[in-house]
Amino acid sequence: MSDWGDGTRCVRAGLPEPAPGEPFLPGPVFAAPYHLDPFAGQGTSPNGYGRPDNPTRRLLEAAVGELEGGDCRVFATGQAAITGLLLTLLRPGDTVVLPTDGYFPVRAFATDVLEAIGVRVLFAPTVGPYPSFEGVRLVLVETPANPGLDVVDVAALAERAHTAGALLAVDNTTATPLGQRPLDLGADLVVASGTKALTGHSDLLLGYLASRSAELIDAVTTWRTTTGAVPGAFDAWLAHRSLATLDLRLARQSANAAAVVDLLAGRPDVTGLRWPGRPDDPAYAVASAQMRRIPGVLSFDLGDADRVGRFVEAARLVAAATSFGGLHTTADRRAQWGDDTAPGFVRLSCGAEDTADLVADIAAALAAAGPV
């Protein structure tokens, strides 16, 4: 599978061997208990009880694992995956380094929960400067960062972390495994929200974690089984079905983002434009060397909250919504959720609309929104 192109890999990922009369992707298995052998019990089957065992979930894990290049475990949400990672690896007295500009609920969890159980929490921007990693158990980065879209050199950070005896985990939500494969770059773990571009249809919640370390995967699996943070069978099946079009969706979203960036770059009423695929973006040099494709997410500032509202209200193809990576273009004013961003800061997630239609609609909506 490694010598196939992205589209082929996405279409084929995690599928069982073909058999006459069987579907390409089996339907979801809805089960809490399964039949057990009356004498041997569960030992004769991989399925004993629905919380730890589900064949639909295992097929999805095989698919995502193939794309990320490691063994995968899926969770009910991205937040369940990342908090499961943190609570699996960290004990009282451990130190963790988290991004100041990544997903804000992770910072809230760290200060509300991790510090309360005796974990020392340090924060650093995605592009640094970083504190010393001596005595650090885990370094977590999100690259490209959400929502500011800074990018860090994963290979360099992995070398620095490993030299100090720390583990490196990379949140790959924004990039997806087609944008970059952190495990290939030296990361110990990948964690991500599959709710967003990975599944891309805005109709399910999902998270996952991947690693090449059997020890780490076993520990995470035990945590998930104990806490029950598993996705349902239908969500797992729907995610696997959606994964097949990831290459196609990302291609259109990235093309749309590039065209929208060209439009916004020439407007004096738009400031703070960020997209790692733009040659004059601060993240461009690292992103172009490290990433295989740039996501369809960009950010900019429209001056104040009211102008953002007028812009979205005037748009026909841009919906006000949180999350990102879906088929529909969405605008999210991140300050309303607690991110440390300016009132007029917008994260725009480009969907799969026709590029010319989207660019024209955004231009008309900006004109209709008027000045600050």
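How many bridges join strand 9 to strand 12, and in which direction do the two strands run? The close-up views below explore this predicted model, and the first one holds the answer.

**View 1. Strand 9 beside strand 12.** Strand 9, covering residues 297-301, and strand 12, covering residues 345-349, run antiparallel and are joined by five bridges.

View 2. Step back to see five strands in the order 8-9-12-11-10, with mixed pairing. Strand 8 (271-274) and strand 10 (319-320) stand at the edges; each has a single partner strand, so one side of each has no neighbour in the sheet.

**View 3. Strand 1 and its partner.** Here strand 1 (residues 71-75) runs antiparallel to strand 7 (residues 207-211), and five bridges join them. Look for phenylalanine 75, whose bridge partner in strand 7 is glycine 207. Strand 1 is mostly covered, with four of its five residues buried.

**View 4. Threonine 176 in its loop.** Now find the loop between strand 5 (167-171) and strand 6 (189-193), where threonine 176 sits. Is threonine 176 buried or exposed? Threonine 176 counts as buried because its relative accessibility is 1%, and buried means under 20%. Apart from neighbours within four places in sequence, threonine 176 is in contact with Ala197, Leu198, Leu246 and Leu250.

How values were computed:
Residues are numbered from 1 along each chain as its sequence is written. This is a predicted model: local features need pLDDT of at least 70, side-chain atom pairs count only at pLDDT 80 or more; totals for chains, interfaces and linings use all residues. Side-chain values use heavy atoms; hydrogens and water are left out. Buried means under 20% relative accessible area, exposed over 50%, partly exposed in between (1.4 Å probe, protein chains only). Contact means heavy atoms within 4.5 Å. Two strands pair if DSSP finds at least two bridges between them.
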